[in-house]
Amino acid sequence: MTKSEKFQQVENYIVENQHAHYRLAYSYVKNKESALDIIQDSIMKALRSIDSLEQTQYLKTWFYRILINTSIDFIHKNKRMVVVEDEVLDFHLPSQEMDVPDIDLYEAIDHLTPEQKTLIILRFFEDMKIEDIAKMLGVNQNTIKTRLYAALRKLRTNMEEKVKV
């Protein structure tokens, strides 16, 4: 496959899955503009490193890895910056009809470590298989299962504490 064919395939993939990419980036930063910045940076990184994509059947896992790493890097770089969450901003702006389901679940997920959050999002929100997550993160499937179980246990504890309060 030529480099221009790879470019075209990556471009098509990104356009076809733009909503999923936005949802994943947004789940990390909870801010529309920051999520769009992450996606833009991820696309730039992907196109610059297109030679590292050896087999195009792994395009999804390859791009998700770039997107997740870019999201985590963004969080580390902007630790000192206080970002007002969209929900808080919407509260202070004129009211709009918004449907925000399962807000407690999202709050509980935000209290997980970035690695645990990644596993929960990929498995349950992006509906990825354990095998694909393992390939994407470069660890074996049993490790993913163990970490996912620990993340779910912590998530359950966070949710139970929230209910008691």
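User: Before we look at this predicted model, is Lys-30 buried or exposed?

Analyst: A residue counts as buried when its relative accessible area is under 20%, and as exposed when that area is over 50%. Lys-30 sits in the loop between α2 (18-29) and α3 (32-48). Its relative accessibility is 12%, so Lys-30 is buried.

User: Thanks! And Asp-127, buried or exposed?

Analyst: You will find Asp-127 in the loop between α7 (114-125) and α8. Its phi is positive, about 55°, although Asp-127 is not a glycine. Most residues other than glycine have a negative phi. With a relative accessibility of 61%, Asp-127 is exposed.

User: What about Val-139: which residues is it in contact with, leaving aside neighbours within four places in sequence?

Analyst: Happy to look. Val-139 belongs to the loop between α8 (130-137) and α9 (141-164). Its relative accessible area is 26%, so Val-139 is partly exposed. With those neighbours left aside, the residues in contact with Val-139 are Ala-134, Ile-144 and Arg-147.

User: How many nonpolar, polar and charged residues are in the contact of α4 with α7?

Analyst: From α4 come Tyr-64, Ile-68 and Ile-72, while α7 brings Pro-114, Thr-118 and Leu-122. Sorted by class, the contact of α4 with α7 has five nonpolar, one polar and no charged residues.

How values were computed:
Residues are numbered from 1 along each chain as its sequence is written. This is a predicted model: local features need pLDDT of at least 70, side-chain atom pairs count only at pLDDT 80 or more; totals for chains, interfaces and linings use all residues. Side-chain values use heavy atoms; hydrogens and water are left out. Helices (H or I, at least four residues) and strands (E, at least two) are DSSP runs, numbered from the N terminus. Buried means under 20% relative accessible area, exposed over 50%, partly exposed in between (1.4 Å probe, protein chains only). Contact means heavy atoms within 4.5 Å. Ala, Val, Leu, Ile, Met, Phe, Trp, Tyr, Cys and Pro count as nonpolar, Asp, Glu, Lys and Arg as charged, and the others, Gly among them, as polar.
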